[in-house]
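This report covers the salt bridges of one protein model. The sequence and structure come before the details.

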Amino acid sequence: MIKIIIADDHAVVRKGLIQILLESFPNANIVEVMDAESLLKKIFNETWDLVISDISMPGISGLDILQQIKQYYPKLPVLILSMYSEDLYAIRVLKAGASGFLNKDFVPEQLVSAVNRLLSGKKYITPNIAEKLAGTLALENNKPPHECLSNREFEVFKYIASGQTVSDIASRLSLSVTSISTYRARIIAKMNLKTNADIMLYSIENKLT
């Protein structure tokens, strides 16, 4: 029996994923959790064939939890889902160890195809992602400033670019205001920017929003 665990903080998303999967994998044992902490607990206490996780959840981010999973279970396939486009996150999550990436606008057939590939030991990479991977390798020594950010810094960058305040971001990520301010300072220093407005403008100019 295939064991799949789904992590997403929106119940309607979890139920929709389960419904799609059960139509193609009727005998699968599918468990759902709503946050990163619960996901880690389940992974450490049970054996799984596949993890499907949202990239943005309260507390530990999807990228951070991906790195923890791959540290202890390097062969466990992880499919990352996001409301953001492939252009924004796909390369980053694949480099962090994910076996595949899907934007949440996917059609059911894409999810089933991705799951089948991951369960067979392969990666799920769309033609668009493959092209960007090739381009990234070719330009590895000439990275744009945002590619120099850590995963957590990039996450904070994304929220600042969307107009959220330090307090808003701290609440969303379950971190202190001081921690978010520190991440903001690092972002500004690494990218040679000065203000939140500069971050927003950079994001728009580089089509990151």
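## Two partners of K104

D8 is buried, at a relative accessible area of 1%; buried means under 20%, exposed over 50% and partly exposed in between, with a 1.4 Å probe and protein chains only. The model is predicted: local features need pLDDT of at least 70, side-chain atom pairs count only at pLDDT 80 or more, and totals for chains, interfaces and linings use all residues. Residues are numbered from 1 along each chain as its sequence is written, and side-chain values use heavy atoms, without hydrogens and water.

The side chain of D8 forms a salt bridge with that of K104 at 2.8 Å, N to O. This pair joins distant parts of the chain, 96 residues apart: D8 sits in the loop between β1 (3-7) and α1 (11-24), K104 in the loop between β5 (100-103) and α5 (108-119). Here a salt bridge is a side-chain nitrogen of Lys or Arg within 4 Å of a carboxyl oxygen of Asp or Glu. Helices (H or I, at least four residues) and strands (E, at least two) are DSSP runs, numbered from the N terminus.

K104 is partly exposed, at 25%. K104 also forms a salt bridge with D54, at 3.4 Å, N to O. D54 lies in strand β3 (residues 50-54), 50 residues from K104, and is buried at 5%.

## Other salt bridges

K15 and E32 form a salt bridge at 2.7 Å, N to O. It links helix α1, which holds K15, to strand β2 (residues 29-33), which holds E32, across 17 residues. K15 is partly exposed at 49%, as is E32 at 27%.

A network of salt bridges connects K3, K42 and E46. The structure holds 9 salt bridges.
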